[in-house]
Amino acid sequence: MSTTYALEHALVEGVVRDGVLVTVEDGVITDVVEDSTSSGAEVNPSGAQVGGLTIPGMANCHSHAFHRRLRGRTQAERGSFWTWREQMYRVADELTPDSYYSLAVEVYREMRASGITAVGEFHYLHHQSDGTPYDDPNEMGRALLAAADEADIRIRLLDTCYLAAGLDSQGRSREPEGVQRRFSDGDADAWAQRVEDFDDDRVGAAIHSVRAVPRDQMGTIAQWGKGKPLHAHLSEQVAENDECMSAYGLTPAQVLAEAGVLTELTSLVHATHLTPDDVALIGDAGAYACFCPTTERDLADGIGPSGDLRRAGAKLTLGSDSHAVIDLFEEMRAVEMHERLATQQRGHWSATELLAAATYDGHASLGFEDAGRIAVGQRADFVTIDLDTWRTRDTGGGAETAVFAATAADVSEVWHG
C-alpha cells in the first residue's frame, strides 16, 4: 500500500519547491511531483499535509556516544584539553554494556528529534575496564546497535581499531595504559577476527588515528573493510602531526596514503592541520572530509581548510563528535562561519552545498547511498522545519533558512522510512 504526502515546501535536488507530492511504499519513495498546486496534480494526500520546509533526513557521520556525558562538565575552571581528556577517560572507565545502552538511547533520541536519521558511531570502547574481553567480545558494540534500534535511527557502527597510546621518535608504539586497555585488541588481526564475529552488515571499520594504529597494521584493517566505509581521525591537533613526522618522516595523510587506506570510501575526521600536499592527496583520492566544528572549537583544535579540500576534489560531511551540541544546522553554519573568520571573507559555501554535506554526501560516506535525497528510489526519510518560529519567521523559507537561520529546536516533524 502506498501513501502520498503533501509537502508545503521541500528541498528537491538542491532546489526548494512548493507543493511537492511524495508517494511512499514500503519505506521507499516511488514518486515525486513538484509544484503540484500550479500543475493541477492531485493535492488530496492519503498521508499527512505537511506545512513548513521539508528536507531529507540528515546524517551525523561522526559520533562518540559516550562523550555526551561530558556536556556541561568539562568547562569547569575554564577547562583545557587535558581536563576534558581526564573526564573523558573517567567516563570511559565507568561504562558497562547496560549503562552504555541507556546513555546511547538518549543520545540517539536527541539526534532523531533534531532531524538526524543516520549516525556513524566511531566505536572503540570495546572491552572491560582492565582490557579483558566480555564473554561476547562485541557486547559493547551490540549495545550501541540495540540503542539505535530503540531510538529508531539508522546506524553504521564504525568499529575502531585502537592499538597504541602513541608513537616514540623511532616509530615504535607505546603500549596502551589505564583505561586505554579497554580500547585495544592487541593487534589488527585480533581486531579483524572480533569484528568478523559481529555478523551484522551494519558494521564498518575505522582506524582511530596514525598515533593509535601502527603503519604496518593499517593494511589489515583496510583489507577487512574492503568495499565498506573506512573512517579515521586525521590531523586533529598539531601535536599529532609532530609525533607522526618524528616517527615516520611523513604527515598523517601521507602515512594513510602509503598504507593504501586513502580511497574514495575513506572519511577523514577533522582534517584540521593539513599541508597543501595533504589536501592534494585527499582530493585526488576523492575521499570524504568529516568536519565537526562544534567539537573542534570546543577543544580549541583549530579551523580546517574546508574550501581548499572541496576545490581539490574531497567531499564534505559533518558530525557532532563529542556532542557538546547535537545540531547539524549549527555544524553546517559553522563550516561557513569558521572559513569567514579564518579568511576575513564571506561566501565560501552556499546553503545548498552545506545541505549536501548534511544529507546525501553524509549518507554516502556511511555506505547508505540510497538515502539523503527526496527522489524516487530513495529511503523515505524526511525532516520538516517549522517556518513560524522566532528564528525562521520571515526568512524566505529557502535553503538559506535551513542553514543560516534554523536550529535543531525548529524541527517539527521527522519521518524515518
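# Fold, helix packing and selected residues

User: Among contacts in the protein chain with a separation of 6 or more, what share comes from residues 24 or more positions apart?

Analyst: This is a predicted model, in which local features need pLDDT of at least 70 and side-chain atom pairs count only at pLDDT 80 or more, while totals for chains, interfaces and linings use all residues. Residues are numbered from 1 along each chain as its sequence is written, and side-chain values use heavy atoms, with hydrogens and water left out. With contact taken as heavy atoms within 4.5 Å, the share for residues 24 or more positions apart is 73%.

User: What radius of gyration does the protein chain have?

Analyst: The protein chain has 15 helices and 14 strands, where helices (H or I, at least four residues) and strands (E, at least two) are DSSP runs numbered from the N terminus. The globule rule, 2.2 Å times the number of residues to the power 0.38, is set against a radius taken over C-alpha atoms. For 417 residues the rule gives 22 Å, and the protein chain comes close to this, so it is as compact as a globular protein of that length, with a radius of gyration of 21 Å.

User: Is the crossing of α3 and α4 left-handed or right-handed?

Analyst: Helix α3 (residues 97–113) and helix α4 (residues 139–151) pack at about 35° with their axes 8 Å apart, the axes being lines fitted to C-alpha atoms over the stretch in contact, and angles running from 0 to 180 degrees between N-to-C directions. A crossing is left-handed if the near helix is turned anticlockwise from the far one by less than a right angle, and right-handed if clockwise. The crossing of these two helices is right-handed.

User: How many residues in the contact of α3 with α4 are charged?

Analyst: Residues of α3 including Tyr-100, Tyr-101, Val-105 and Arg-109 meet residues of α4 including Met-140, Leu-144, Ala-147 and Glu-150. Ala, Val, Leu, Ile, Met, Phe, Trp, Tyr, Cys and Pro count as nonpolar, Asp, Glu, Lys and Arg as charged, and the others, Gly among them, as polar. The contact has 13 nonpolar residues and no polar ones, while the charged residues number four.

User: Is Thr-407 buried or exposed?

Analyst: Thr-407 lies in the loop between α15 (399–404) and β14 (411–416). Leaving aside its neighbours within four places in sequence, it is in contact with Asp-327, Phe-329, Arg-333 and Arg-391. Because its relative accessibility is 18%, Thr-407 counts as buried.

User: What distance separates the C-alpha atoms of Val-403 and Thr-30?

Analyst: Val-403 has its place in helix α15 and is buried, with a relative accessible area of 0%. Not counting residues up to four places away in sequence, Val-403 touches Phe-329, Met-332, Arg-333, Ala-351, Leu-354 and Leu-355. Thr-30 is 373 residues apart from Val-403 along the chain, and their C-alpha atoms are separated by 28 Å.

User: What is the relative accessibility of Asp-394?

Analyst: His-270, in strand β10 (residues 266–270), has a positive phi near 85° and counts as buried at 1% relative accessibility. Asp-394, in the loop between β13 (381–385) and α15, also is not a glycine and has a positive phi of about 60°. Asp-394 counts as exposed, because its relative accessibility is 79%.

User: What is the relative accessible area of His-67?

Analyst: His-67 is found in the loop between β5 (58–63) and α2 (81–94). Beyond its neighbours within four places in sequence, it is in contact with Trp-84, Met-88, Tyr-124 and Ser-322. His-67 is buried, with a relative accessible area of 3%.

User: How far apart in space are Arg-215 and Val-255, C-alpha to C-alpha?

Analyst: Arg-215 lies in the loop between β8 (203–207) and α6 (218–224) and is partly exposed, with a relative accessible area of 29%. Not counting residues up to four places away in sequence, Arg-215 touches Tyr-248, Leu-250, Val-255, Glu-258 and Ala-259. Arg-215 and Val-255 are 40 residues apart in sequence, and their C-alpha distance is 7.0 Å.

Notes
Buried < 20%, exposed > 50% of the residue type's maximum accessible area, 1.4 Å probe, protein only.
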